[in-house]
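Try each task before reading its solution.

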Amino acid sequence: MGNIIMFCILAVVIIGSALLCVTTKRIMRAATFMLFVLFGVAGIYFLLDYTFLGAAQISVYAGGVTMIYVFAIQLVSKRTLQGLEEKLKASKLLRGALAALAGLVVVGVILLKTGFVTTAPTNIEVPMSDIGNALVGAGKFEYVLPFELISLFLLACIIGGLVVARKEEEK
């Protein structure tokens, strides 16, 4: 019963922070709310007794990726950020809601066609060694290559931010 209550609290924190992240007009607040979402996901990992994934979530995503976003935000000048405020129009809101609804329908159809909802086993326990091998393995359905590509992408973003910051200093 305690796990269900904790899951509900974490779910409310994650959903609330995610909504605040995408609706706020201040970019630093959005980064802070994103940090709360990532901490909430780590909390769910800890709740499931996946301590390795919870620790990785906190160190890699909540720590590293959020800091990269904050540094990138700080590298961009205040003059550049001031022109980014945009009024929310009803037509954009309607298009966004329709796109979200279409995505929800597509996911629902896929889940029903694959039988995931009706045939999903209730008590699957995946050993931590299998998760660790999948994260650092290079074979089929293993994730070391996507992690490396993401790290190269983040490095390119940092270099791009430094180039933009240097060009503004030269002016």
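Helices (H or I, at least four residues) and strands (E, at least two) are DSSP runs, numbered from the N terminus. The model is predicted, so local features need pLDDT of at least 70 and side-chain atom pairs count only at pLDDT 80 or more, while totals for chains, interfaces and linings use all residues. Residues are numbered from 1 along each chain as its sequence is written, and side-chain values use heavy atoms, with hydrogens and water left out.

**Exercise 1. Describe the secondary structure of the protein and the share of buried residues.**

Step 1: the protein has 8 helices and 0 strands. Step 2: along the sequence, the pattern reads α-α-α-α-α-α-α-α. Step 3: buried means under 20% relative accessible area, exposed over 50%, and partly exposed in between (1.4 Å probe, protein chains only). Of the 171 residues in the protein, 18% are buried.

**Exercise 2. Work out how helix 1 and helix 2 are arranged**.

Two packed helices are described by the angle between their axes and the distance between the axes. Step 1: axes are lines fitted to C-alpha atoms, for helices over the stretch in contact, and angles run from 0 to 180 degrees between N-to-C directions. Step 2: helix 1 (residues 2-23) and helix 2 (residues 27-47) have axes that come within 8 Å and cross at roughly 160°. Therefore helix 1 is roughly antiparallel to helix 2 (under 35 degrees is roughly parallel, over 145 roughly antiparallel, 65 to 115 roughly perpendicular and the rest oblique).

**Exercise 3. Is Asp49 buried or exposed****, and where does Asp49 lie****?**

Step 1: Asp49 sits in the loop between helix 2 and helix 3 (51-75). Step 2: Asp49 counts as exposed because its relative accessibility is 62%. Step 3: look at the backbone, where Asp49 has a positive phi of about 65° although it is not a glycine. Step 4: Met128 is 79 residues away along the chain, and the C-alpha atoms of Asp49 and Met128 are separated by 9.7 Å.
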